[in-house]
Amino acid sequence: MSVDMRTFLAHMELANPITTAAGCAASGRELAQFFDLHRLGALTTRSITMAARAGRPTPRMAETPSGMLNAVGLQGPGIDAFLERELPWLAQRGIKTIVSIGGGTVAEYSELARRLADAPGVTALEVNLSCPNMEDRGRVFAREGSAAAEVIASVRSIMRYDVPVVAKLAPDVADIVSVARACVDAGADALSMINNPLGMAIDTEALRPSLAAVTGGLSGPAILPLAVRCVWQVHAALPGVPLIGIGGVMSGRDAFQLVLAGACVVGVGTALFHDPYACLRIERELEDLLRARGFQRLADAVGLAHRPPGSAPRHLLVDSEESTP
């Protein structure tokens, strides 16, 4: 029995729920050396900024127990080069593309949206809200509902109605549900979570911080429970909002956790650094898990863990070794 793996990100249909996480596959050319990008549900680009950025000084990556710290700093060619070379390459191949954008002011986000509004090949727009607000003492947009909402409202007012706007949220907040609700009220069609929580490591040989920037984003298996918690809380509060679950996904079972918590799309990031085929493997493993448990459609599993015991459809059978008498 095959499983219908189709899913929807707002009104956009994807062939399967697996996408790359922003910053982990650049703009697709690297992964295209290994497999046909059409096998992804969608490809998410690195976060595009107005100007080209060289990124932060090195060292900017450090291994941690069950994870990795990075302080790359949104390295990229800027919007002009992206529109000239990277997006056309994806559009010509018909790759469903979620373009991630990042800025330091509301005006920058608005201008990025304006530049992308009529660009062919944009399936959805992910707004990276984990950037420091240069107009507000460097406070990160994602940490305050009002600041995040201002960005989303500005972008949504400019972006074409047929392109979903996705707000990417950070877990380093007192109440992620309130930030999520503010973004949805401001016009976000979907939410992506989580961006990397902030972490730090110290080199005990050099007696200095491991990263030149001192702190960096923590990714990898260590943050999966944090991502599952955030997706669970937001889905419970906003059950009708499509969610992209990201954070520490290394296997189909990890992806299944996020789906059961409420995600209809799952992003794969750090796993790609050591396994360029990770997205395909995880999608296959997820389908196998769904089939083994009697699911006919991925959609039937989204948010299922929220339902009271015994309320699952009758055809959703667990493995015999896991069943209760």
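Modeller: Before we start: helices (H or I, at least four residues) and strands (E, at least two) are DSSP runs, numbered from the N terminus. This is a predicted model, where local features need pLDDT of at least 70, side-chain atom pairs count only at pLDDT 80 or more, and totals for chains, interfaces and linings use all residues. Residues are numbered from 1 along each chain as its sequence is written, and side-chain values use heavy atoms, leaving out hydrogens and water.

Biologist: OK, where does G220 sit?


Modeller: In the loop between β14 (215-219) and α6 (224-237). UniProt's unreviewed entry lists G220 under "binding site", along with others including T270; such annotations may be inferred rather than shown by experiment.

Biologist: Is G220 buried or exposed?

Modeller: Buried, because its relative accessibility is 2%; the cut-offs are under 20% for buried, over 50% for exposed and partly exposed in between (1.4 Å probe, protein chains only).

Biologist: And what is G220 in contact with?

Modeller: S66, G67, G248 and T270, leaving aside neighbours within four places in sequence. Contact means heavy atoms within 4.5 Å.

Biologist: Which side chain does T270 join in a polar contact?

Modeller: That of S219, at 2.7 Å. A polar contact is a pair of N or O atoms within 3.5 Å; within protein, one must be able to donate a hydrogen and the other to accept it, and residues adjacent in sequence count only if both atoms are side-chain atoms. T270 is in the loop between β16 (265-268) and α8 (278-292).

Biologist: Switching topic, how many residues has the largest nonpolar core?

Modeller: 102, with L129 among those with the most contacts inside it. Such a core is a set of buried Ala, Val, Leu, Ile, Met, Phe, Trp, Tyr and Cys residues joined through side-chain atoms within 4.5 Å.
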